[in-house]
Amino acid sequence: MLFEQIATGGCQSYLVGCRETCAAAVIDPEASQVDRYLALAARDGLRIRYVIDTHTHADHFSASRQLAQEVHAPVVMHRASTAPMVDMHVDDGDMVVVGRLRLQVLHTPGHTRDSMSLVAEDRVFTGDTLLIGGTGRTDLPTGDSGALYDSLFGKLLKLDPALLVFPAHDYRGRGHSTLAAEIADNPRLQVRERDAFIAMMDSLNLGMPTHITEALRTNLSGGKTVAQMLAEAASLVPFMSMAQLKARVEQGDPDLIVLDVREREAYQAAHIPGAQLLPRGQLELRVNQDLPDPTRRIVTCCELGRISTLAAATLRQMGFQRAVALDGGMQAWREAGYPTRPGAEP
Ligand SMILES: [Fe+2]
């Protein structure tokens with residue numbers, strides 16, 4: 001088995017492949033690592049055949065849909081998942097066949113209703129059901145501490161204790177563990193009586209994960225995160241450096257339109273000399289009137305350099321083929337001590 005563990009912060013994802021057939025699967029891909037999965041698969045001569053989420057993640061952004069689209073592979077989740085982008089629902093006892101490699105599905109609900117673990121040869125991918133020295137929490141949507149107890153003590157811990165444990169999360173840089181080590185040392189697994197286990201899980205009082213709203217919205221729907229929208233826009237536009245723009249402003253480049261897409265108040269407080277105001281929210285409404293010549297060179301700017309990227313991408317889509325975005329924003333421009341002007345332009 002070809003095997004790669006890819007850590008993103010505390011999120012663990014995995015590329016598993018079959019050496020003989022060159023088929024592979026990615027387990028719990030994370031949104032910022034799509035190029036890495038593709039590169040690792042290419043390096044090892046693998047074709048990604050399946051993209052698998054062990055459960056609906058509430059705390060990070062799944063790349064399943066995006067990765068699956070790029071490699072034309074199905075998204076695989078447990079049948080209890082309600083996410084509409086799932087192409088292949090699996091159930092307890094099913095196998096996902098990756099070349100000669102077999103991924104055995106165990107339904108292990110508790111952290112979420114759709115949680116599953118996958119056994120492959122000498123290891124088990126436990127998702128957030130069993131973590132190293134911990135378990136998944138049960139207080140987020142569809143969590144159930146009684147179900148977690150049954151999944152752990154009734155299923156996972158009954159497997160071969162020599163199995164290596166690869167979880168979906170580990171925040172302390174430990175790559176893996178074994179079932180035997182977890183049975184011996186994992187503090188939560190020392191509470192072996194069902195009611196006591198439920199009482200312990202229900203009294204944890206954990207804080208909410210940072211991105212829970214956006215993670216659940218995008219992971220449950222296959223929709224895009226704000227970071228994805230920005231990355232997609234950025235991939236469609238060239239940028240202009242702040243130094244380049246400063247030089248052009250100082251030379252009085254007659255071909256260049258500096259388009260400030262912030263709100264009027266921010267523009268009037270301080271803007272790049274000669275900049276034209278067109279707030280992002282009014283771009284489509286005022287574009288014909290304010291930017292009559294689509295052949296002009298336009299550089300968009302905003303406070304942080306994000307909205308200006310979206311604006312430049314929108315302008316390109318509308319036919320302004322020379323629209324670029326400032327690499328940076330007004331905040332960085334001011335911090336660099338570059339020239340600004342208050343009020344309205346004459
Ligand atoms: Fe999770």
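Leu152 counts as buried because it has 25 C-beta neighbours inside 10 Å, and 20 or more are enough for that label. The model is predicted. Leu152 is found in helix 3. Leaving aside residues up to four places away in sequence, Leu152 touches Thr129, Leu130, Thr135, Leu157 and Leu189. Pro346 is another matter: Leu152 and Pro346 are 194 residues apart in sequence and 71 Å apart in space, C-alpha to C-alpha.

Helix 3 covers residues 145-154. Its buried residues are Ser145, Ala147, Leu148, Tyr149, Ser151 and Leu152. What covers them? The cover includes strand 11 (130-131), strand 12 (134-135) and helix 5 (194-202).

## The whole chain

The protein chain holds 12 helices and 19 strands. Its radius of gyration is 25 Å, well over the 20 Å that the globule rule gives for 346 residues, so the chain is more spread out than a compact globule. Along its principal axes, the C-alpha trace spans about 75 × 50 × 30 Å.

The domain assignment gives domain 1 (2-224) and domain 2 (229-335). Taken over C-alpha atoms, the centres of domain 1 and domain 2 are separated by 43 Å.

Of the 346 residues, 42% count as buried. Among contacts in the chain with a separation of 6 or more, 62% come from residues 24 or more positions apart.

Val51 has Val75 of strand 5 as its bridge partner.

## The nonpolar cores

The largest nonpolar core has 55 residues. Which of them touch the most other members? They are Val16, Ala24, Ala25, Val26, Val51, Val96 and Val98. Strand 3 gives the most to this core, with 5 residues. A further core of 27 residues lies apart from it, and Ala275, Val299, Ala313 and Trp333 are among its members.

Not counting residues up to four places away in sequence, Val51 touches Val26, Pro29, Ser64, Leu67, Ala68, Ala73, Val75 and Val76.

Is strand 9 (residues 116-120) mostly covered or mostly exposed? Strand 9 is mostly covered, with 4 of its 5 residues buried.

Strand 9 pairs with strand 8 (residues 101-107) in the antiparallel sense, over 4 bridges. Leu106 stands opposite Ser117 of strand 9 in that pair. Strand 9 also runs antiparallel to strand 10 (residues 123-127), joined by 3 bridges. There, Val119 stands opposite Val124 of strand 10.

Strand 9 and strand 10 form a hairpin with 2 residues between the strands. In this hairpin, Glu121 takes a positive phi near 50°.

## Strand 19 and its partners

Strand 19 (residues 323-326) runs parallel to strand 15 (residues 239-240), and 2 bridges join them. Strand 19 also runs parallel to strand 18 (residues 297-301), with 3 bridges. Ala325 of strand 19 takes part in both pairings: Phe239 stands opposite Ala325, and Ala325 is the bridge partner of Thr300.

| Strand pair | Direction | Bridges |
|---|---|---|
| Strand 8 and strand 9 | antiparallel | 4 bridges |
| Strand 9 and strand 10 | antiparallel | 3 bridges |
| Strand 15 and strand 19 | parallel | 2 bridges |
| Strand 18 and strand 19 | parallel | 3 bridges |

Note on methods. Residues numbered from 1 in each chain as written. Predicted model: local features only at pLDDT ≥ 70, side-chain atom pairs only at ≥ 80, totals over all residues. Domains from an automatic or database assignment. Pairing = 2+ DSSP bridges. Core = buried A, V, L, I, M, F, W, Y, C linked by C-beta atoms within 7 Å. Buried ≥ 20, exposed ≤ 12 C-beta atoms within 10 Å, placed from the backbone. Contact = placed C-beta atoms within 7 Å. Rg over C-alpha atoms; globule rule 2.2 N^0.38 Å.
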